[in-house]
Amino acid sequence: MAKVTEIIEPSINALGFELVRVSMTGQDHNILQIMADRADAKGSINVTECAEISRTVSALMDVEDPISGAYHLEVSSPGIDRPLTRAPHFEVWKGFEAKVELTMAQNGRRRFSGLLDGIEDNAVALIVDGERVLLPLADIAKSKLVLTDELIAHVTGQRRTDDTAE
């Protein structure tokens, strides 16, 4: 997926969006999933914007052809309980609850859940059971926000503010 990311990310950025995640799923048929969000972090992308990204990605994939075999392209918003895939995400969502899974155990654990406390020395700071732990970015297999009332209020409040500003 690194090659696909390399091909599509500059064009997605040029459209004013941030590439959140690229993945290939499916057993019977492959699905290339592109997750994108607004680069300005003001609300989620809508269906029209997903279609715009889809047309752009589709054209790039037709020209570059980095995937052998057939696949379906799916473009979506990361949603409220979005995956955290890049270092800046852990700063942007500081103060919200997250789940982090490591590739290698740290102190006998691979899974952590707690409040995000930013980035420090190439590690995610997480408050777990009242204790601050540092989880190396390089060791993170996957991470995502946890759907909480606070997160919902923050995201939906942000959307209402954006809608009334237009």
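The structure contains nine salt bridges, where a salt bridge is a side-chain nitrogen of Lys or Arg within 4 Å of a carboxyl oxygen of Asp or Glu. The model is predicted, so local features need pLDDT of at least 70 and side-chain atom pairs count only at pLDDT 80 or more, while totals for chains, interfaces and linings use all residues. Residues are numbered from 1 along each chain as its sequence is written, and side-chain values use heavy atoms, with hydrogens and water left out.

## Charged side chains

One of the salt bridges is between Glu9 and Arg86, whose closest N and O atoms are 2.8 Å apart. Glu9 sits in helix α1 (residues 2-14) and Arg86 in the loop between β3 (71-76) and α3 (87-92), so this pair connects distant parts of the chain, 77 residues apart.

Another salt bridge brings together the side chains of Asp117 and Arg132, with an N to O distance of 2.6 Å. Asp117 belongs to strand β5 (residues 109-120) and Arg132 to strand β7; the two are 15 residues apart and also link distant parts of the chain.

Asp37 lies in strand β2 (residues 30-38). What does the side chain of Asp37 make a polar contact with? The partner is the side chain of Arg82, at 2.6 Å. A polar contact is a pair of N or O atoms within 3.5 Å; within protein, one must be able to donate a hydrogen and the other to accept it, and residues adjacent in sequence count only if both atoms are side-chain atoms.

The table gives relative accessible areas for residues in these pairs. Buried means under 20%, exposed over 50%, and partly exposed in between (1.4 Å probe, protein chains only).

| Residue | Relative accessible area | Class |
|---|---|---|
| Asp37 | 8% | buried |
| Glu101 | 15% | buried |
| Asp117 | 23% | partly exposed |
| Arg86 | 28% | partly exposed |
| Arg110 | 35% | partly exposed |
| Arg132 | 39% | partly exposed |

## The three-stranded sheet

Three strands form an open sheet in the order β1-β2-β3, and their pairing is mixed. Two strands pair if DSSP finds at least two bridges between them. Strands β1 (17-25) and β3 are at the edges; each has a single partner strand, so one side of each has no neighbour in the sheet. On average, and ignoring direction, neighbouring strands of this sheet are turned by 20° against each other.

Strands β2 and β3 run parallel and are joined by six bridges. Leu32 is placed opposite Leu73 in β3. Helix α1 packs on the sheet and touches β1 and β2, its direction making about 150° with that of β1. Helix α2 (residues 47-64) lies across β1, β2 and β3, at about 145° to β3. Contact means heavy atoms within 4.5 Å. For the angles, axes are lines fitted to C-alpha atoms, for helices over the stretch in contact, and values run from 0 to 180 degrees between N-to-C directions.

## The five-stranded sheet

A second open sheet has five strands in the order β7-β6-β5-β4-β8, paired antiparallel. Its edge strands, β7 (131-136) and β8 (140-145), each pair on one side only. From one strand to the next, the twist averages 40°.

Strand β4 (residues 97-106) is joined to β5 by six bridges, and the two run antiparallel. Across this pair, Ala98 stands opposite Gly114 in β5. The hairpin of β4 and β5 has two residues between the strands, and Asn107 there takes a positive phi near 55°.

How many bridges join β5 to β6? There are four, and these strands run antiparallel. Leu116 has Leu126 in β6 as its bridge partner. The hairpin of β5 and β6 also has two residues between the strands, with Asp121 at a positive phi near 50°.

Strand β6 (residues 123-128) is joined to β7 by six bridges, again antiparallel. Here Leu126 is opposite Val133 in β7.

## The annotated span

UniProt, in an unreviewed entry, places the feature "domain: Ribosome maturation factor RimP C-terminal" at residues 84-148. UniProt positions are given in the numbering used here, feature names are shortened, and annotations may be inferred rather than shown by experiment. The span of residues 84-148 is 9% helix and 62% strand, and its end C-alpha atoms lie 16 Å apart.
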